[in-house]
Amino acid sequence: MPFLQNLKTTLVGSVALTIIFGSTTPFALGQISRLGVFNGEKPVQKKEAYIGKPFGVGRIIIPIGELDRELLRTNGLTITESQGRIHYPVFSSGLVKKAIDVLAGESDSVLPRNLAVYFLFTGDQPFTVKINASTALTIPIEPTRSRPLQKNLLSRTWWREFNQVSRSRNQQSDYPPLIESYLTAMLAERLNLPRPFIERTADAILVKNEIQNILDLFLGAELRHLKLMRETMSGTKRLPETAAQPLPTDIFPLVPEILPDEKRPEIEEIVSRVPEECFYLRFGKWQNFVWLTRLAKEYGGDLGRLAILRGIEPYSVGRMEEQLCLEQDPLAETFGQTVISDFAVIGNDLYLTEGPAVGVLFQQRNSLLTSQLQSARAKILEKEKGQGAIEKTVEIAGRKVFFLSTADNRLRSFYAKEGEFHLITNCRSLVKRFFECGTDKSALNHSREFLETRISYPLESEDTVFVFMPSNFFRRMLSSKYQVENARRQQALVDIELLQLASTAARGEGWGELPAIDLIEKGFLPEDFGKRIDRSGPIAATDQVIDSLRGARGYFTPIPDITVDQITQAEAKHLSEQNKLVGEQWNDLVPLVATIKREKLDRKGLERLSFSANITSILGKQGKDFTAKLGPPTQFKHGTSRNDIVNLHVSVGEGLLLKSVPDYQFFAAIQNEPTAPITVKPSGFFTWLELLKGFPCYLGAWPKPGFLDTFTPQLARPDEEGFSYSRLLDLHRMQLGEYSILAFNKQRLKKIRPDLGATQSESFGQIHLDIGDLSTSELVPLINTLFYQRALQSTLGNIKLLNSMTQQLKVPPADARESIEKLLDGKLICSLEGDYQQAQFTNGRAYWTSDRLPPSNIDQLPVDYQSNLMAWFRGANLTVLVHDKQIMVSGSVKMQRQKTKPAASKKKGTGIPGFNLFGNGQKEPSDSKDKLNPNGKNKKR
């Protein structure tokens, strides 16, 4: 695009220089010319290195060519020294080019002529480095003792580039940036360098985000986890004081409420064993579970793949099946209904990453279930004896319970039985409550909330999936014990990760295997590492790090089974502040109820999934603030056109934008028309702006709100046909009666004019969303391209991480993937549905790539590519209704089932359902292994 090329020339000459050097002084221009970056000639190789303690810093400027494109793209460049003196390098083409590429969206188009290689080094003697690009460059270095100013300037440049590259890789990828966060935090503390501005800004935003602070208590949050890691490395998080204060009273004590007998609806028997403070996920009929597991198998065992292929699949997804000793037999789909009458998943929390308190509850159809469970557990015990597994009988609530376990909690399975009910859980406290439910009135079958819910969601509706989270579930998770122990276990998790990372970094610097005390001494860990309030700490085992109190990562002892009697003054202060916030946000807790009902539409695999949910409690005050801005519910939608493929209507309350604007309906639509083609490369701001102007969409309001007249006077003066135009916004407006509609294209406004009117929806609500069958629409090329862009970006992010593991932490290339997956506690997935492999250049340099990674100069979508969404999605509708302070979401999704036959499992287990409802996202294993490609080319599929 000529405009973008002119932009590059202009910015290089003015704005970009000011960004870097503060002004376009002769000194600044001279520095750029000296480095040979923009002087129009192929630069002479430059090098400089300054001695320092504990590290010196150096820079080499090398020429690069077209053959280096693939290595630049995948972070496959390396710099080495025979004695291992080079550390923490970064390859940079300069801030000016980066800024322009972001604006122009041409990060893969034009290569720079030169590349700056920044690095740290140890010692003061001359050395020789080898830079492995498309050709190997051998460069002798003679470090000098410069004036402090020179070394400091170069050190700060290295630090700025190191952080910028780390942030860029994080933005591209799906994985949590644990490695980058550790390295930047460790080096900042060790070398007394300032924290990057972007991190300080993110922390400030995090502190102000009250809704996120509360949601952390229910689900955890990556940003807060990374913040805790940085605080730990800086030594600001440790609390050396002793725990001497009693645990405060809960801000929301459990409130048992019993409904009078005369109002009791019909309910399922199994809830008589579900504690009133537990979440309850029921499948009811056996075939409902079979349907869900088959659906998961169609997408590699992971329902998340229905929408998008993620770059990492956490091991936590399939971990509970292993811990509970519930391995699924392939015959279970056929014969499960012969032994199981009803079953559900119950639990006290949703902390799947660290280790939740969960269980599977069965109601037997006949006594065969007992023998099958006992037989399966005996087989697992025999198989796991070599790993330290034992089974013993323990007494809980006066009953005998079988307990199968290992020391690290990888196996932690209580099996309790009373009457026709069986519970398999990892939580001792849950077993106790299971027995108590049989003798008192603390189960859901006596809960007013549950019984009233069953009046609204009657049993005879036969929902495929029924989810109930009582208010006491939220009260328990907001209790003082849960908040305190959740914070402590987050620290335990961070300590495990830091010990793994520190050990890897120390080996990379040549120190070998070091105990924690030596890692602390050398600056890889903070001075007070491992000093915890509850006297627990990380223990480095043979192939893993475990917590001395809670067990292995991902298998932590459930919070109800941890004793928390005393807390510190700092914990009490934090708890008080948190409870104040909780009280403000969640002063009116109600149950969360969700249902899914499946309906076959034809014999060709087309299904409709209808859903409904009450999400009031999880949104809290922030949700109420949002819904307060909505207008009255309605069943009529205005502004719908027959050519719409996506249509959104929102009832907006009066005075939202201007006090003079009454209630109105806002609507927006995307029409079923071709769009301008876009490349699969990441697009810049101006490219997206041009695409938006040509996009087949419009938006408007009924009756017309007056704020458009206020903010854009040009649009307030229509011609005789009702059209007006804003040259400033390049926007057209059509005013017809009470309708006011905007679009970038005047012809589009004329086309929808005959369709204007009200259509009736099937349900009342303030928000209505309708999406047609996108798979047959004109938008398919655009949707597939956007999904491919995202998948390509995610794959490149993982490849860069694999190569960075070798570059930054000096893990051998062949071991990089295993090391990363151990650190991230998850499996790296190629979002392009390929396999990560090692390739090799002619000079012997091995680097990671994917056998599905396209050439860097690709512009168009591969002919055979189809996004996951297009394979199954056939339409949807959504309604949000706010009524009587409740926020209800309902709708349906049409989906086309795949005709592939599920692969038979090789597991021999219980013959009953495993806990792994959503699989582990892994495909069936292939015969191919990671291989070195001697020609350096990607394999074709």
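Colleague: What do buried and exposed mean here?

Modeller: Buried is under 20% relative accessible area, exposed is over 50%, and partly exposed lies in between (1.4 Å probe, protein chains only). This is a predicted model, where local features need pLDDT of at least 70, side-chain atom pairs count only at pLDDT 80 or more, and totals for chains, interfaces and linings use all residues. Residues are numbered from 1 along each chain as its sequence is written, and side-chain values use heavy atoms, leaving out hydrogens and water.

Colleague: Which residues of α26 are exposed on the face turned away from its buried side?

Modeller: Ala814 and Glu818. Helices are DSSP runs of H or I with at least four residues, numbered from the N terminus.

Colleague: Which residues of α26 are buried?

Modeller: Ala816, Arg817, Ile820, Glu821, Leu823 and Leu824. Their arc around the axis is only 160 degrees, so they sit on the same side of α26. That arc is taken from the directions from the helix axis to the C-beta atoms.

Colleague: At what angle do the axes of α7 and α25 cross?

Modeller: Roughly 25 degrees, and the axes come within 11 Å. Axes are lines fitted to C-alpha atoms, for helices over the stretch in contact, with angles from 0 to 180 degrees between N-to-C directions.

Colleague: What makes α7 roughly parallel to α25?

Modeller: Angles under 35 degrees count as roughly parallel, so α7 is roughly parallel to α25.

Methods. Helix = DSSP H or I, 4+ residues; strand = E, 2+ residues; numbered from the N terminus. Parallel < 35°, antiparallel > 145°, perpendicular 65-115°, else oblique.
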